[in-house]
Every structure is written in C-alpha cells, then in structure tokens.
Amino acid sequence: MLKVLIILGGIYFIYRHFKSKMLDGMGMDSGSEPQRGAADDVMVQDPECGVYFPLREGVSARINGKTVNFCSTECRDAFLKKQG
Ligand SMILES: [Zn+2]
C-alpha cells in the first residue's frame with residue numbers, strides 16, 4: 001500500500017511540474033525573452049501560437065521597443081492586432 005502512495009506522489013509531482021511548464025509557455029507576460037546575438041539557428045517560441053521555430057526562419061517585429069519573433073506573418077499580424 002505504501003508503495004502505491006509513493007508512486008502516486010511521484011506521478012502527482014511530475015504532473016504538477018509539467019503543468020507549470022505548460023502554463024509558463026502560454027504566459028503572455030514578457031518575463032522570458034529569447035536571447036539574441038547568439039547562433040542564428042537558435043529555437044525561439046512564437047508568443048502568438050506557442051510553437052518553437054528556428055529564429056532565422058521566422059519574422060520579427062518591434063513591439064514597445066522589443067524585438068519579438070513569430071513563426072509567420074499571420075502570427076505577427078494577429079499578435080499586433082491584440083496589442084491595440
Ligand atoms: Zn505562430
């Protein structure tokens with residue numbers, strides 16, 4: 001019985017860890033900005049659709065003085081519309 005509890009505890013811990021990571025990825029605050037100036041094939045996350053893509057294959061836009069990278073012009077336009 002004790003073993004079952006330990007296993008369930010482990011599953012719960014992994015679940016919580018995974019869930020918080022998911023929420024981080026979907027978060028709209030600008031806390032985690034992709035680092036620039038490194039290799040140009042670095043993977044970055046599209047803040048609009050949440051997909052990861054190679055930086056050089058995406059499109060970028062200056063928003064409030066920050067460079068934001070998107071996987072496509074569609075995502076960039078959708079994101080810009082939401083900025084008002
Ligand atoms: Zn996208």
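Let's start with threonine 67, which lies in strand β4 (strands are DSSP E runs of at least two residues, helices H or I runs of at least four, numbered from the N terminus). Its side chain makes a polar contact with the side chain of arginine 62 at 2.9 Å, meaning a pair of N or O atoms within 3.5 Å, one able to donate a hydrogen and the other to accept it. Keep in mind that this is a predicted model, where local features need pLDDT of at least 70 and side-chain atom pairs count only at pLDDT 80 or more. Residues are numbered from 1 along each chain, and side-chain values use heavy atoms, without hydrogens and water.

Now the metal site. The zinc ion is held by Asp46 (OD), Cys49 (SG), Cys71 (SG) and Cys75 (SG), at 2.1 to 2.2 Å; donors are N, O and S atoms within 2.8 Å of the metal (3.2 Å for Na, K and Ca). Angles of 92 to 116 degrees between the four donor atoms make the arrangement tetrahedral, a label that asks for all angles between 85 and 135 degrees. Along the chain, the donors follow the spacing D-x2-C-x21-C-x3-C. Aspartate 46 sits in the loop between β1 (43–45) and β2 (52–54), and cysteine 71 in the loop between β4 (66–70) and α2 (73–83), 25 residues apart.

Here is how accessible some of these residues are; buried means under 20% relative accessible area, exposed over 50%, partly exposed in between (1.4 Å probe, protein chains only).

| Residue | Relative accessible area | Class |
|---|---|---|
| Threonine 67 | 16% | buried |
| Aspartate 46 | 1% | buried |
| Cysteine 71 | 27% | partly exposed |
| Valine 4 | 43% | partly exposed |

As for valine 4, its place is in helix α1 (residues 2–26).

Key:
Four donors count as tetrahedral if all angles lie between 85 and 135 degrees; four count as square planar and six as octahedral if opposite donors are over 155 degrees apart and all others between 65 and 115; anything else is irregular.
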